[in-house]
Amino acid sequence: MNKFIRAIGFSKYETRKQYSELVQKAKQEAKKVVSMPIGNKEYATEYMWDIAEKTGIIVHTTVAGADEYFEYMVPYFRGSIRQCEAPVSVDHRVDEDSWLAACDDDETGINFVFRVTNYVDCSNFFERLNSERMKNFPFSVYLSALSTEAKVILPIERNQNSHAKRESERKRRQRMQEAANTGDMETYEMLSFRQLDELTSAYNRTEKEDILSIVDSNFMPEGLECDRYAIMGDIVGIRKTENPLTKEMFYQLDVEFFDKRIEVCINEADLFGEPQIGRRLKGSIWLQGHIELPSLFRRRESNGKTEVSD
């Protein structure tokens with residue numbers, strides 16, 4: 001069972017029986033069903049059930065003739081903020097019929113690794129994404145995250161001068177990052193030394209100060225799974241939503257870190273503290289992403305099956 005279903009208001013679904021019932025309901029209530037051939041007269045099929053705004057459940061099955069076999073069910077939270085437009089690398093998971101993708105953000109230098117939520121839409125192109133012809137082709141990526149553990153913490157006090165200094169530093173770092181990405185080794189070394197100096201300075205300050213008063217935002221890998229991250233950033237948007245089936249409440253929070261913004265969905269019961277604009281969110285997330293296909297890739301409907309072609 002996927003533990004992140006509690007993030008969208010299914011915290012009481014803990015048994016196999018409840019899980020199976022939820023799968024059947026998702027298939028019955030799904031407003032979007034997409035399918036693609038996978039060989040041997042079999043089809044990979046996805047049922048997408050929108051439970052609330054931008055949130056829902058995906059049920060993935062394999063159809064062979066009159067038989068249908070359940071593969072897995074995952075919750076999703078559809079992001080609306082474009083994180084980056086960059087080449088995307090993809091890899092098929094070994095344990096299930098799904099994909100992980102990665103893209104580099106030139107502004108921050110972060111390599112985002114995420115689970116692809118529009119798997120069937122993109123599958124026909126994933127092999128080409130890793131080919132030489134598609135190696136440098138930029139795709140728009142919309143990231144979002146689900147969380148089962150987070151807390152609200154107080155912000156760091158900032159004045160007008162600190163905001164201006166922060167913006168100036170951001171632009172300078174962005175220029176340096178862009179130069180390093182183009183192969184400028186001198187700039188790359190300067191960035192490395194700056195990061196080392198910042199780390200040393202922060203370490204020295206921890207002897208007298210609390211770490212949360214030194215580091216204002218953070219985004220880094222967490223645990224052994226490559227699409228799991230620890231995040232800390234400013235809360236800049238709050239939406240509270242009810243799961244119409246369970247009546248549980250969950251938050252959709254816009255969180256800003258390193259001048260990037262990502263949407264995080266979390267059950268009200270799993271969030272410690274009261275979220276307010278200006279406060280910070282600190283927690284663990286599961287990163288998901290929607291890859292927007294360019295217009296030259298068009299979809300066509302045929303006999304109830306969704307096919308994708310050039």
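A search of the whole structure finds 1 cavity of 30 Å³ or more. Here a cavity is a set of points, on a 1 Å grid over the protein atoms alone, where a 1.4 Å probe fits but cannot get out. The structure is a predicted model, in which local features need pLDDT of at least 70 and side-chain atom pairs count only at pLDDT 80 or more, while totals for chains, interfaces and linings use all residues. Residues are numbered from 1 along each chain as its sequence is written, and side-chain values use heavy atoms, with hydrogens and water left out.

The largest cavity holds about 60 Å³ of space. A volume is the space filled by probe spheres set on the grid points, which are joined across faces, edges and corners. Its lining includes E46, Y72, V74, R115 and Q288; lining residues have an atom within 4 Å of a point. Strand β4 supplies the largest share, 4 residues. Helices (H or I, at least four residues) and strands (E, at least two) are DSSP runs, numbered from the N terminus.

The second largest pocket has a volume of about 330 Å³. A pocket is an open set of points with protein on both sides within 12 Å along at least five of seven lines. Its lining comprises 19 residues, and N2, V74, E96, R115 and W286 lie nearest its centre. Elements giving two or more residues to this lining are α1 (16-29) and β4 (67-77). Again β4 gives the largest share, here 5 residues.

Strand β11 (residues 249-257) is largely enclosed by the rest of the structure, because 7 of its 9 residues are buried. Buried means under 20% relative accessible area, exposed over 50%, and partly exposed in between (1.4 Å probe, protein chains only). Strand β11 pairs in the antiparallel sense with β10 (residues 228-242) over 8 bridges. Pairing requires at least two DSSP bridges between the strands. T241 has F250 of β11 as its bridge partner. The hairpin of β10 and β11 has 6 residues between the strands, and K247 takes a positive phi near 65° there. Strand β11 also pairs in the antiparallel sense with β12 (residues 260-267), over 8 bridges. Y251 is bridged to I266 in β12. Here 2 residues separate the hairpin strands, and F258 in the turn has a positive phi of about 50°.

The whole structure contains 12 salt bridges. Each is a side-chain nitrogen of Lys or Arg within 4 Å of a carboxyl oxygen of Asp or Glu. D105 and K260 form one, with the closest N and O atoms 3.1 Å apart. D105 lies in the loop between β6 (99-104) and β7 and K260 in strand β12, so the pair ties together parts 155 residues apart in sequence. Both D105 and K260 are buried. E268 and K240 meet in another salt bridge (2.8 Å, N to O). This pair links the loop between β12 and β13 (271-272) to strand β10, with E268 and K240 28 residues apart. E268 is partly exposed at 32% relative accessibility, and K240 is partly exposed at 45%. R261 forms a salt bridge with E256, the closest N and O atoms being 3.3 Å apart. A network of salt bridges links K54, R239, D254 and E263.
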